[in-house]
Amino acid sequence: MELMQRQEQKQILSQSQRQSLEILQMPVLELQEYLQDKALENPLLELELPQELHLPDPAEHAAEETGGEADRWEATGSESAAVWDLPAGEMAGDWNRGGDGEWDRMATLADPADRGESLAQALHEQLLRMPGLTDGLRRLADYLADCLNENGFLEFALEDLAAEQGVSVFEMEQALYLLQSLQPTGVAARTLPECLVLQLAQTKDFNEHTVRLVREGLELLARNNMTAIARLLECTPAQAQAAAKAVRALNPRPAQGYGTGPLAYQIPEAVFRRENGQLVIELERRLAPRLQLNEQNCALLQQSGTPEAKTYLKERRAEAQQLLRAVNERESTLVRLLRQLAQDQQDFFLRGGPLKPMTLTQMAQSLGLSLSTVSRAVQGKTLQFEGKSLPLKRFFSAGVPVEGGQVSSESIKRQLLRFVQAEDPAKPLSDEALRAALEAVNLPVARRTVAKYREELGIPSSSARRRMD
């Protein structure tokens, strides 16, 4: 046996760095609770809470911003959500056209507050209960759990995440496979087919027909084209029906059921407003907790003069200063991000134009920050503009190629809303008709994409929207 010595450089997060990332991820109300606990533990910390707030009813707030409860079968991948359509009419009672018939141009950005235990929290708890894991593997799995989107998918390239953490792609893959072994089944998939195959592998329906249908035939399944499915799978009609039934029983959104407790009102991180043709940004400091050192307690402990008191004072003071730095870094990062957002989306904020396509990776490159830092800074946070609370995460979407450039998915959703608002209630537009209408205004997207965006907006199918006056 030959012994070899190898030197590797790995990024290990210190306790202070972990705390900074944890605080960065917290919305204002969660940060307030966290700082209250820390102030009770450390007599050198003094916390000033904002005046009591008279917040609107959370359910009313969410209804105002979303125009109704979102369809529970939200598309998560590039394929059609129509595979899992709700029965016709199930949402018809909640659907409305916005009163005076004019759609708010920010309707697609509105989003209800996050609710209950998050998927990431559930995954962290499972990892803690798993015996035999190395600290390094658990750390990477915890990191990936925080990178999942609201549907439970991993949108970032493993190569980028591995480079950010200073580990090999192989190590990051092992952490991903570990995460994919947890509940709910299908979590941490990178694509919709991968998510569905992970679920199939845990059922008696895991066979060549169902796997091939997931990998190659979701669009056919969305159209319920059983003849084409049987031809694709090279099987009998009965076998095609059985495969279709098995796939439709799967969950395209692994995060469904997490974060569904009582709605919590979200305090915006900042207020954006137009003033003399300029965009002004104000941090919402009136509602944020204020933390500082309690100098009086510091002096009292210093005067005691005992070695124990001095050691205690030194430790508590270091903890307090570390926490203060983390809070200040959170504010500094958010200020930089909001300023860059305002600069990149000037046309949206100042002239009511469409959103420019922008991804979290592009924002990270613009700010010179890591992808995970930007992802945490955006998560669960909102800004207020023209009386609306807009989630920061909704400003980030990949561009959809069109003639002459790209447009954001949110711009397509806005146009989709306009078409639905203008349709004849007795003859609502099908997804294919909406696709053709979008193509006519230089927004060529697939029919499955129309179905996906329609469901993300909480718009029922054409049969559920039909009204006979």
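Is Val-271 buried or exposed? Val-271 is buried, at a relative accessible area of 18%, where buried stands for under 20%, exposed for over 50% and partly exposed for what lies in between, with a 1.4 Å probe and protein chains only. Before I go on, please keep in mind that this is a predicted model, in which local features need pLDDT of at least 70 and side-chain atom pairs count only at pLDDT 80 or more, while totals for chains, interfaces and linings use all residues. Residues are numbered from 1 along each chain as its sequence is written, and side-chain values use heavy atoms, with hydrogens and water left out.

Val-271 sits in strand β2, residues 270-275; helices (H or I, at least four residues) and strands (E, at least two) are DSSP runs numbered from the N terminus. Leaving aside neighbours within four places in sequence, Val-271 is in contact with Val-280, Ile-281, Glu-282, Glu-284 and Gln-384, contact being heavy atoms within 4.5 Å. Leu-383 is 112 residues from Val-271 in sequence, yet their C-alpha atoms are 5.8 Å apart.

Let me turn to another pair of strands. Strand β1, residues 45-48, runs antiparallel to β4 and is joined to it by four bridges, and strands pair if DSSP finds at least two bridges between them. Within this pair, Leu-45 stands opposite Leu-293.

Now the helices. In α6, residues 158-165, the buried residues are Leu-158, Leu-161, Ala-162, Glu-164 and Gln-165. Why are they on the same side of α6? They cover an arc of only 160° around the axis, taken from the directions from the helix axis to the C-beta atoms. These buried residues pack against α5 (135-147), α7 (169-180) and α17 (371-378), and α6 is followed by Gly-166, whose phi is positive, near 70°.

Helices α2 (residues 28-41) and α14 (residues 307-344) pack at about 170° with their axes 12 Å apart, the axes being lines fitted to C-alpha atoms over the stretch in contact and the angles running from 0 to 180 degrees between N-to-C directions. The two helices are therefore roughly antiparallel, since angles over 145 degrees count as such, under 35 as roughly parallel, 65 to 115 as roughly perpendicular and the rest as oblique. Val-28, Leu-31, Tyr-34, Leu-35 and Lys-38 in α2 meet Leu-323, Val-327 and Arg-330 in α14.
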